Amino acid sequence: MAGLLALTLALPSLAAAAPVTQVQVHITDSRGTTSRLLLDKMSGSMRVVAEQLFNGRDSAALAAAAGDYERLLGEISDRVITGYQTNQVTLRFVDSAQGTTAMADFSVSPWAQTVGKVKVDLQFSGLDTETAALLEHRLPGLEQQLRQTLEGASLDAADWAGSLVRAQVQKQVETALPDFKAAVDVTTRGGDAFVQVIVYPVGPVVRDVQYSMASKSIPNILLMGLKYKYADKAKALRGLPLGYMRSHRAELERYFLAQLQAEPSVRRHRLTPGLTIAAAGSGDAVVDITLESQEYRIWFEGYGDIGRDDHNLSGRAHLGKYISPQVELFGEAGVDLDEVDWTFDPGFAYHRGKATLALMRRFPDDKNIYRGTYDFTPKWRLRLEHFGDTGDNEYAVRYRIHEFLSGEYVFSSDKSYFRIIGNL
């Protein structure tokens, strides 16, 4: 290269004229197979050479020796642009109000074999297949762009074209998935090019998933198949960057909700799914799914009381029908297993947000019972009950351990005790 540049010292010069202030280089493929992206990369490389030759030099002297400079640029091009031969170089000098521009047009063609097919292997490291497919949608057209970049290029240019492909991929990943980085490898075999793209997370990732699915509208035992299915889907969040999960939480929730809404059992029971995804401490994700009906409310519970000497084993069944979005008519049947005494409590409830107020009449005791509940979270509930015949009150705080087991501490006018609740 130094020897070639030294030849310029021997080229003729004329009387002083306007100096060259800028240089433009345009390269075309005479076969028309090389992508514009690669040709622009070649143009950038040759522009650096042309700027060293022409910038600040007398344009008239350069124009007089244009043929010599064209041959010189052709020789340099053959050495700089691996995989391509230079067919023709045309040099022009154009004057304008901004100064004189040296314009060099190159016609090149691949040495021999060109890239036929481009095969792209896009992988997401450490992520479940379903999550990877979701992320892949955020890189639309990436594979097509890589094919357009490499197909038809000289096979011998694959090495330096690989750096351009890497920059292309990394820029798109950085824009679409800022919580990820990409490693790119380009190889050739036969007449084809193979591009392996591995996208991997950076920063803290989801290590474990706390998952629950519950319903206050139907017995949870009817949801067992769905529960196990979506437990596996929730685990697909493992390996996802916590930053991505937080910033795309709404999108992830919509993704899971759309699948839930299409489930046959959800449609059969006319349930409305609800789902929240949140980040917990120590890199955990929390996925809570609720499946509720706007038409009915059915539950079965069994109670075992610790701290009571009698009436400590009982059960209750609730069958309710909504007559409006907030008002429910229901009947509750209860049994005390100590004496096998049955009660029946018809009534109505008013639901508003997390709060429920209910009034029922207990038979055969002929007494009114007033009940209020408030769900602070899907797991914590406060219950207040007033018994009209005796004036006694009962206060309880319940914690749902999982879908089929809860614990409740009861404060009553008579005695306080701990209750274990089995939920069907």
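Two strands pair if DSSP finds at least two bridges between them. Strands (E, at least two residues) are DSSP runs, numbered from the N terminus. By that pairing, Glu 408 stands opposite Arg 419 in E19. This is a predicted model, in which local features need pLDDT of at least 70 and side-chain atom pairs count only at pLDDT 80 or more, while totals for chains, interfaces and linings use all residues. Residues are numbered from 1 along each chain as its sequence is written, and side-chain values use heavy atoms, with hydrogens and water left out.

**Strand E19 and its partners**
- Strand E18 (residues 405-412) pairs with E19 in the antiparallel sense through six bridges, and a hairpin of four residues joins E18 to E19.
- E10 and E19 also run antiparallel, joined by six bridges, and Gly 304 has Ile 420 as its bridge partner in E19.
- In E19 (residues 417-423), Tyr 417, Arg 419, Ile 421 and Asn 423 point to one face and are buried (under 20% relative accessible area, 1.4 Å probe, protein chains only).

**Strand E6 and its partners**
- Strand E4 (residues 118-124) runs parallel to E6 (residues 192-201), with seven bridges between them; Phe 124 has Val 199 as its bridge partner in E6.
- Strand E5 (residues 180-189) and E6 are antiparallel, paired over ten bridges, and Ala 183 is partnered by Ile 198 in E6.
- Two residues lie between the strands in the hairpin of E5 and E6, where Gly 190 takes a positive phi near 65°.

**Asp 309**
- Asp 309 lies in the loop between strand E10 (296-306) and strand E11 (313-322).
- Asp 309 counts as exposed (over 50% relative accessible area) because its relative accessibility is 74%.
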